[in-house]
Amino acid sequence: MGTPLLYGSLSEVYAERSGVMNTAIEGIFLMGAWAGFVAAFLSGGNLMLGLLAAVIAGILTAALYGWICIYLKQHQIVTGVAINILALGITAFFQRVIFGVPVTPLIVQPLPTIPLPILSSIPVIGKILFNQNILTYLLFILVPAANFVLFKTSAGLSIRSIGENPEAGDVAGIRVDRLRFMTILLAGIMCGIGGAFYSIGFLGMFTTTIIGGRGWIAFAICFLGNWKPAGVLVGTLVFGLAEAFAILMQSRGAGFFPNELFIALPYILTIVLTVSRKSFNVPAVLGVPYRKEG
Amino acid sequence: MSSKHRDLLVTNALAILLGLAASGLLLLFLGKNPVTTMLTLFGSLFRDRYTFADIFVKATPLMFMALAFGLPFQANLYNIGAQGQFYIGSVTAVGLSLLLMDNIPGPLVLVVVALASMVTGGLWGGLIGWLKARFNANEFLVSMMSTYVALNFMNYMLRTFLMETKGEYPQTDPLVKSAWLPIFVPGTRLHIGFILAVLACIGERVLKYRKPMGLKNRPDGQNKDDAEQAGINYKPLYVMTFFIAGALGAMGGFTEVNGVQHMLVQGFNPGVGAAGIGIAILANGHPIGMIFAAILFGALNVGGTIMGQLSGVPSSINDLMLGFVMLFVILAYFVRERLEDRREKARLKKAASI
């Protein structure tokens, strides 16, 4: 269950390291989930086509966000809120346009889990880590890759430098706005896939409440993970466990504690962790558009 | 009128029109004629007194929500959790009304319930400010998350303590008539909550520019360090700002429960907080502007609903209109910056040529 959160928070690390918060993350998740489902359903269950559609939807939404926030220098939180509402309207509206009011629920067969030989038979961890679908396995590469790209390559150095001191980066010949736009597009791709995980990777269906604030949790994990790939990995595992625990308690009937408490658990956990987190490694110009002098 | 004010009016009017046009064009996908459908929307607003008054009924909570976002926003604080404060206010209002309505006279019930909702909503919001002041917690994240917690709290209350006596659905028993907010235009649903909302907007305008708190609040918002140097301890201001914002959000819940719904149902008004943010932005953070912006959004809301009943357009058209209008309003900010830039350059050129 942590997979989409990790896609989201990892993409947020790239974007925020370059100085741009991706506050459209909730909307991009939703667009990815919807586009992925529609393409998969209409193609008769072709999930690769679904993923492709999710990526395209993610890129388009991210491009709109990036254009307004990076090139037009408008307020990132406000723009994010607007795009999230728009995404809600667009997905609900076109779901209706395409499918009308369906009598039976629309379902696709979700991505199959592929148990890895030998590894999946390890007790406990084997089932959690090595009996997953392809999107989860892809993360085994993406997390270390993010670490490598951000901290060991010149592109990563450029990204981090424009998140700390864009003026200096500009003088050194980095095209600040363009590089920021690139990281937002990358975030769009990753969040599109993350969103699609909910619809075609797991549930096999789509509703407009399918994301339900999880984009914001991914956003929070980036903060809590101190803007580091390894940090968001740990953060996601904590949340994955919390959510699994919540689902377990709900299905068992929790007795004394109400179900709602467990549904709210990831959100409460976010607040607690936000409060208890002390040393922040915030990119210096996070959320501030870069304006050239003169 | 200064050129700045003219820019604001013209660009925002254009933004609203473009936003409506964009959502109208999407109606083509449903095989509807956008022009006639949109005309039906606006025509139907004036079809009778009841419908027309409903615009102001819908605008009432929106004003409170816009204020709940707008006041902290002036101080560069982000209260994305007004929706949750709205829920807390609603739960308090309905719970306390049900408890008191059979025992004490109606007007007294309303006063007590209003004050209690403001206190619970204020505490719920004030907690965000306190966490920010005490632990330097990110108020954007905390307020965002607090909405989901409030939603689940409301659902829990509706399933247990507040559930109707019949015990069938997650909703409360209806309030008796004495606990309803009085209606001041006969034959409509327009209750005095609307007047309270307008007064709140005017009140915030006064507070912001005249009272000592406003003086403190504004420099704090623009620069924390300046405020510190001027000897202002900004930490209590975080708590106070969020307390007031929470109380305003809760007032939105109270006026909806006691003024319109007269009960509390699960899945109650989920989009009102986000709409409030849109209104605050459209009004450029100006409390008086929020009155008009809220009325506009109220009209879109009523019109969108009627459009759904008349011609089968899905209710998601409301989110589409809201989203597009907000997007174009943000673009209008950019256009205004450009216009201002150009004027500045022209002025400099003129000065240089003399």
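How much area do chain B and chain A bury between them? About 3,800 Å², with 82% of it on carbon and sulfur atoms. Buried area here is the accessible area, taken with a 1.4 Å probe, that two parts lose on being put together, summed over both.

Quick housekeeping, everyone. This is a predicted model, where local features need pLDDT of at least 70 and side-chain atom pairs count only at pLDDT 80 or more, while totals for chains, interfaces and linings use all residues. Residues are numbered from 1 along each chain as its sequence is written, chains are lettered from A and ligands numbered from 1 in the order they are written, and side-chain values use heavy atoms, leaving out hydrogens and water.

Okay, the interface. On chain B, 42 residues are in contact with 44 residues of chain A, and contact means heavy atoms within 4.5 Å. Between these chains there are 2 salt bridges, a salt bridge being a side-chain nitrogen of Lys or Arg within 4 Å of a carboxyl oxygen of Asp or Glu. One of them joins Glu260(A) to Arg159(B), with the closest N and O atoms 2.8 Å apart.

So which elements of chain B give two or more residues to the side that touches chain A? They are α5 (106-135), α6 (139-159), α11 (272-282) and α13 (316-353). Those labels come from DSSP runs, numbered from the N terminus: helices are H or I with at least four residues, strands are E with at least two. The largest share, 14 residues, comes from α13(B). By type, this side of chain B splits into 32 nonpolar, 7 polar and 3 charged residues. For that sorting, Ala, Val, Leu, Ile, Met, Phe, Trp, Tyr, Cys and Pro are nonpolar, Asp, Glu, Lys and Arg are charged, and the others, Gly among them, are polar.

Now zoom in on one helix pair. Helix α10 of chain A, residues 214-224, packs against α6(B) at about 145°, with the axes 11 Å apart. Axes are lines fitted to C-alpha atoms, for helices over the stretch in contact, and angles run from 0 to 180 degrees between N-to-C directions. On the α10(A) side you'll find Trp216(A) and Phe223(A), among others, and α6(B) brings residues including Phe140(B) and Tyr148(B). That contact has 10 nonpolar residues, no polar and no charged.

Last one, inside chain B: α5(B) and α10(B), residues 235-261, also pack at about 145°, with axes 6 Å apart. Their contact holds 17 nonpolar, 8 polar and 2 charged residues.
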